[in-house]
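Welcome! Take a moment to look over the model below, and then we will walk through some of its side-chain contacts together.

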Amino acid sequence: MPYLPILVLHVCAGTVGLFSGTAALIFRKGSPRHVRAGKVFVASMLIMAVGAVCLGILKNQPSNIGGGILTFYLIGTGWLTARRGEGETSRMDWVALLIPLAVGILTWVNGIAVLRSGATSQNGVPVGMSFFMGTICLLAAFGDVRMLLRGGVFGAKRLARHLWRMCFGLFIAAGSFFLGPSDRPLRLLSAVGLGQHLPSVLFNTTLYLILTILPLVLLIFWLARVRFTNAFKGKPTPPSGNVYSAPV
């Protein structure tokens, strides 16, 4: 198949992204290990997202195209939030906000069309998930507009913006890997001859669901800690403007 190399790159990058993203969540925020894991996570997720878009185009899968574009946007803007100084924005931010706005509107329109057809899912995806993702996209666009009108983000809000975008990108990757078509983890492991040597408990749908939702649980935990505790409040912002170096 002409897209096989892209598929291999997509899967490998996504796998690296899952492991490096998990490591970044575990390591103390601002530590050297967190920084290194974060850099690997960003690079692998961007590659995975580009692969998803290419595969979506080749296989005529609009949902993969939208998911890849959204993931690229979330990880890219999350990374920029960490790298920039407080209150720093650019004209590109006005262009970037068009991505979640367009994806959100199209996702909602498609979800409504599915409901009007009498169906409750499309390509195995419940219509409720479509509305959920569409709402997240529109909220992201609203957050971009608010940030730009206020002249950037500062302090704890800046760290919160970085965290939720990275964690939600990880959630998308986890959902694609664990809850993708054809029992994806089992299919991938079986393809390389490892499936029969591993415990059957590793191929359990409930386990896949837990692993998929876990990034959202961690997202809520970190947002609550950053926004509603003193874990970050009052800490000086590093001169470099890099939130990675502010331990929380």
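In what kind of contact do the side chains of Asp144 and Arg165 meet? They meet in a salt bridge, at 2.9 Å from N to O. Keep in mind as you explore that this is a predicted model.

- Asp144 lies in helix H6 and Arg165 in helix H7, so their pair ties together parts that are 21 residues apart in sequence.
- Asp144 also forms a salt bridge with Arg161, with the closest N and O atoms 3.0 Å apart.
- Arg161 lies in helix H7, so its pair with Asp144 in helix H6 joins parts that are 17 residues apart in sequence.
- Together, Asp144, Arg161 and Arg165 are linked in a network of salt bridges.
- Asp144 and Arg161 are both buried, and Arg165 is buried too.
- The structure holds 3 salt bridges, and one of them is formed by Arg84 and Asp93, whose closest N and O atoms are 2.8 Å apart.
- Arg84 counts as buried at 14% relative accessibility, and Asp93 does at 7%.

**Aromatic pairs**
- A search of the whole structure finds 8 aromatic pairs.
- Among them is the edge-to-face pair of Phe132 and Phe171, with 6.5 Å from centre to centre and 85° between the planes.
- Phe132 lies in helix H6 (residues 127-149) and Phe171 in helix H7 (residues 155-178), so this pair ties together parts that are 39 residues apart in sequence.
- Phe132 is partly exposed, at 32% relative accessible area, whereas Phe171 is buried, at 8%.
- Phe132 and Phe171 also belong to one aromatic cluster with Trp164 and Phe168.

How values were computed
Residues are numbered from 1 along each chain as its sequence is written. This is a predicted model: local features need pLDDT of at least 70, side-chain atom pairs count only at pLDDT 80 or more; totals for chains, interfaces and linings use all residues. Side-chain values use heavy atoms; hydrogens and water are left out. Rings of Phe, Tyr and Trp (its six-membered ring) pair if their centres lie within 6.5 Å; planes under 30 degrees apart count as stacked, over 60 as edge-to-face and the rest as tilted. Helices (H or I, at least four residues) and strands (E, at least two) are DSSP runs, numbered from the N terminus. Buried means under 20% relative accessible area, exposed over 50%, partly exposed in between (1.4 Å probe, protein chains only). A salt bridge is a side-chain nitrogen of Lys or Arg within 4 Å of a carboxyl oxygen of Asp or Glu.
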